[in-house]
Amino acid sequence: MLFLANACTGCRVCQLICSLTHEGQCNLSLSRVAIKQEGLDFSAEFTPECDECARCARYCPYRAIVKGE
């Protein structure tokens, strides 16, 4: 998965859809992707459990996450 930091607004929709898809509940702490914020900058960390289903990319309203080649 590729993260485009300049497009991210920190909405965390990606985290919610990930946890809903894989764990059956909207819970940020259960997501396989974590959006981190430092000041106005955002970064993403994907856990080893991420299977690159790309659900996070599909639902990101800002296209900040994209499926890698």
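**Chat notes on a predicted chain**

Me: How many helices and strands does the chain have?
Reply: Two helices and four strands. Keep in mind that this is a predicted model.

Me: And in what order do the elements run from the N terminus on?
Reply: The order is β-α-β-β-α-β. The radius of gyration is 11 Å, close to the 11 Å that the globule rule gives for 69 residues, so the chain is as compact as a globular protein of that length.

Me: What box do the C-alpha atoms fill?
Reply: Roughly 30 × 25 × 20 Å, along the principal axes.

Me: How much of the chain is buried?
Reply: Buried residues account for 28% of the 69.

Me: What share of the contacts join residues at least 24 apart?
Reply: 48%, counted among contacts between residues at least 6 apart in sequence.

Me: Switching to the strands. Which way do S2 and S3 run, parallel or antiparallel?
Reply: Antiparallel, with six bridges joining S2 to S3. S3 covers residues 41-46, and S2 covers 33-38.

Me: Which residues stand opposite each other there?
Reply: Val-33 stands opposite Phe-46 in S3. Glu-38 faces Asp-41, also in S3.

Me: What about the turn of that hairpin, how many residues sit between the strands?
Reply: Two. Gly-39 takes a positive phi there, near 65 degrees.

Me: Now Ser-31. Where is it found?
Reply: In the loop between helix H1 (13-23) and strand S2.

Me: Buried or exposed, that Ser-31?
Reply: Buried. Ser-31 has a relative accessibility of 10%, and the cut-off for buried is under 20%, so it qualifies.

Me: What does its side chain reach?
Reply: The side chain of Ser-31 reaches the backbone oxygen of Val-33 at 2.8 Å. A polar atom of the Ser-31 side chain also lies 3.4 Å from the backbone oxygen of Gln-15. Val-33 is the residue that stands opposite Phe-46.

Me: Which residues does Ser-31 touch, leaving out those up to four places away in sequence?
Reply: Cys-14, Gln-15, Cys-18, Ser-19 and Thr-47.

Me: Different topic. How many salt bridges does a search of the whole structure find?
Reply: Two. Side chains of opposite charge can pair when their charged atoms come close.

Me: Which side chain does Arg-32 meet?
Reply: Glu-23, with N to O at 3.9 Å.

Me: Is Arg-32 buried or exposed?
Reply: Arg-32 counts as buried, at 18% relative accessibility. Glu-23 is partly exposed, with a relative accessible area of 40%.

Me: And which side chains meet in the other salt bridge?
Reply: Lys-67 and Glu-52, at 4.0 Å, N to O. Lys-67 lies in the segment after strand S4 (65-66), and Glu-52 lies in the loop between S3 and helix H2 (55-59), so the pair ties together parts that are 15 residues apart in sequence.

Me: What are the accessibilities of Lys-67 and Glu-52?
Reply: Lys-67 has a relative accessible area of 45%, so it is partly exposed. Glu-52 is at 35% and counts as partly exposed too.

Notes:
Residues numbered from 1 in each chain as written. Predicted model: local features only at pLDDT ≥ 70, side-chain atom pairs only at ≥ 80, totals over all residues. Heavy atoms only, no water. Buried < 20%, exposed > 50% of the residue type's maximum accessible area, 1.4 Å probe, protein only. Polar contact = N/O pair within 3.5 Å; in protein donor to acceptor, adjacent residues only side chain to side chain. Contact = heavy atoms within 4.5 Å. Pairing = 2+ DSSP bridges. Rg over C-alpha atoms; globule rule 2.2 N^0.38 Å.
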